[in-house]
Amino acid sequence: MHGDRTAASNRVAASGAAKQTVLRVALAGNPNVGKSTLFNILTGLHQHVGNWPGKTVEKKEGRCRVDGCTMECVDLPGTHSLTAHSAEELIARDYIVKERPDVVVVIVDASDIERNFYLVAQVLELTNRVVIALNMMDLAAVKGYRIFPKQLEQALGVPVVPLVARRAEGVRSLLEAIIAVGADSVVPRPTPIDYLRAKPVLAALREALDNDRLPGYSPEWLALKVLEGDEEIERLTHQVLDASHIERIHSLLREHEHGPAVLADARYAWIGEILRAGMEQPARSVITATDRIDHVVTHRFLGLPLLLAVFAAVFWLTFHISGPLSGWIDQGTTALSGATARWLAPGPDWLSALLADGVIPGVGGVLTFFPVIVIFFIFLGVLEDTGYMARAAFVMDRIMHALGLHGKAFLSLMVAYGCNVPGVMAARILESERDRVLVTLVNPLIPCAVRIGVAAFFVGAFFAPALRTPVMVALYALSLLMVILAGFVLRHLVLPGDRSPFMMELPLYRTPNLRNLSMYAGWRVLAFLKKAGTVIVAISVLIWLLSYFPVGADLPDSYLGRLGGAIEPAGRLIGLDWRMSVALVTGFAAKETSLATLGVLYHTDEHGLVAALQQAVSPLVALVFVVVQLLYIPCLATVAVIRSETNSWKWTALAVLYPIILAGGLGALVFHIGRALGF
Amino acid sequence: MVTPPAQTSLALLAAGQVAIVRSIQGGWGIVRRLAALGIVPGTPVTVLSNSPFGPMIVEVRGSRLALGRREATRIIVAPKAG
């Protein structure tokens, strides 16, 4: 600790007066303890979201001004510890070690205080410039915990501020505590952790770690990490230390193979000591509503049917509520398109056609999907915020084993049912690289709300009302089957290896919070809108151009028609005419575009399209088209996000190519079986 | 007095049973990860739900934790009598 203090005071001297007004504050904490909620309260709209350099881990920075003091806040990734286990943990601790923030705020879930303090212990091993934000005091009370912040503060030697971030309670006191520590008017003196049995070996390791060659790290901390077998620190020591030192360290480690367990034990003993001073808990744990709900929800027989019922309800409600909304948007854009054509009638032909036939229907087509996606993500947000999603992961764990994955992977796959772009990004919650790639590769086979919308359009046009729901359910089932099949093949042929361990906290159930909900749905919808506003508008215009030029040519002779002619032979194999083949090609840009393209090619708006399609193609061909478009390729925006998340062209190419083969094969199967049966 | 088996795997305990963690079979990686979630040798755990296959739920330090079957198998515990 002494080393830290001098480093801090040196920094004060060096930066002079600036130190008084600008504080660099890092927020650390376990996942799901309300860290982001607090960050949003502190920084409001003054935040910047990006990635940590070279990593696909979100980095949020923001600033706030309090009492003439500016705080630059960094939201560190949520972690349970500060080992080198995952990119998140590495980022969090590297930031504290290398950037040396003025204050580290550790947000603690008071209802899970004992385990959360494990991170507190590890942060205090790095720095004493810490403030503890004791969040979720309300939930702690539900569990019968009586927590005394003042006593806790005394036992810990570090400022402790109680908080209910969801209701923005206690924020003022937290800010005051941060400023006090940042301005050195309060100097935390943490109660040291007694490493007991490990003390002699830690001392020997400190000696063996020639500290002159490892500046910037405290020798105490390095010794701890070496004893824990930290891969990153091991790499570092191998780079800078000479052979004799390395040999000495190795022999010490061989004698103390239980290092990690002994250190963890010492930390929990320290935690126990502090909590005895600062809290009272009931002798027997209180039976909470969570216990009663979990009894049913995670039941070995009831769990799965209940989960299916929950998600069936989510899908049904989503499409039921969004249907009329989409209808209104559709009518609105059609009216706007007509009005634009009339208004521009005196002007040049191409301008009116570009706007009325190209841009407006293109954008309108996207907007009709907007309500579906918003509503789906609101429902998913409710499931997440109440705590049900963690149970869903638990129930699905067994089934996800078929894919060589564990329960958490289900959570990211669920997101893809709304939109594949946030779906791919949701793979970040998985710890292992292999799992992330596998989830990303099967992601394109999950029909997003838009593809389901296109399918529903065809099913509505070609199937009797009584058959529509069964056909849609069958399509969902088919895609699910393909996900399982692809996952099975990919993990055996392309991504062999062991399943990563499944361990996951099951939080207490709680009522959803509006702020969390809007955050959850908000950024996922934003991902969809971004692609709508850019890619889709551009592609709609491009398609229109290709169909309009060369000037005066009939549609089959336009560039688009010639393109269709070129790929027609491939489409014929599965019964598709050139128009449908072109629609699949343009659907690569965005699945919404398929319908708009068919509208252009059959020379109608979307309402006339039903009649035109019924005349031009048989129900069998329509079904082939639906099956193929459901699976055949991830849209351009998804491809882009797969590339940026996997950082690999190889995986991106695979994610594009194998679905084409799969969808083509399946299309051929449906077509030929259907024909043989006489359809 | 019936003495319970001295040591067994956590995965073999039934719902409602209480046990003390004795050791964790596996590399340092899994030891560190379990430690971060509250499970170290000496920790009392209560089994909340367990079925012959699939993951299980345990209560550790006042919170509930879902553990994969294979992970639970690697946790060696001493069950408490009663």
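How many bridges join strand S2 (residues 18–24) of chain B to strand S3 (residues 44–49) of chain B? Three bridges join them, and the two strands run antiparallel. The tour returns to this pair below.

**Before starting**

This is a predicted model, in which local features need pLDDT of at least 70, side-chain atom pairs count only at pLDDT 80 or more, and totals for chains, interfaces and linings use all residues. Residues are numbered from 1 along each chain as its sequence is written, chains are lettered from A and ligands numbered from 1 in the order in which they are written, and side-chain values use heavy atoms, with hydrogens and water left out.

**Chain A as a whole**

Select chain A. Its C-alpha trace spans about 85 × 55 × 55 Å along the principal axes. The secondary structure comprises 31 helices and 10 strands; helices (H or I, at least four residues) and strands (E, at least two) are DSSP runs, numbered from the N terminus. Of the 679 residues in chain A, 54% are buried, that is, under 20% relative accessible area with a 1.4 Å probe, protein chains only.

Strand S2 (residues 47–51) and strand S3 (residues 58–66) of chain A pair in the antiparallel sense over five bridges; strands count as paired if DSSP finds at least two bridges between them. A:Gly50 has A:Lys59 in S3(A) as its bridge partner. Six residues lie between S2(A) and S3(A) in this hairpin, and A:Gly54 in the turn has a positive phi of about 75 degrees.

S3(A) is also joined to strand S4 (residues 69–75) of chain A, by seven antiparallel bridges. Here A:Gly62 is partnered by A:Cys73. This hairpin has two residues between its strands, and A:Asp67 in the turn has a positive phi of about 50 degrees.

**A helix residue**

Select A:Leu236, in helix H11 (residues 231–240) of chain A. Leaving aside neighbours within four places in sequence, A:Leu236 is in contact with A:Leu214 and A:Tyr217, contact meaning heavy atoms within 4.5 Å. The C-alpha atoms of A:Leu236 and A:Leu214 are 8.6 Å apart.

**Where the chains meet**

Show both chains. The contact takes 44 residues from chain A and 33 residues from chain B. Together the chains bury about 3,400 Å², 57% of it on carbon and sulfur atoms; buried area is the accessible area (1.4 Å probe) that two parts lose on being put together, summed over both. In chain A, A:Arg115, A:Phe394 and A:Met503 lose the most area to chain B, together 20% of what that side buries.

Next, select B:Arg64 and A:Asp294. They form a salt bridge, with the closest N and O atoms 2.9 Å apart.

**A sheet across both chains**

Select strand S10 (503–506) of chain A and strand S5 (residues 63–67) of chain B. Four bridges join these antiparallel strands, and A:Met503 has B:Leu67 as its bridge partner. They belong to an open, antiparallel sheet of seven strands in the order S10(A)-S5(B)-S4(B)-S3(B)-S2(B)-S6(B)-S1(B). Its edge strands are S10 of chain A and strand S1 (8–9) of chain B, each pairing on one side only.

Finish at the opening pair, S2(B) and S3(B). Within it, B:Ile20 is partnered by B:Pro44.

Notes
A salt bridge is a side-chain nitrogen of Lys or Arg within 4 Å of a carboxyl oxygen of Asp or Glu. Buried means under 20% relative accessible area, exposed over 50%, partly exposed in between (1.4 Å probe, protein chains only).
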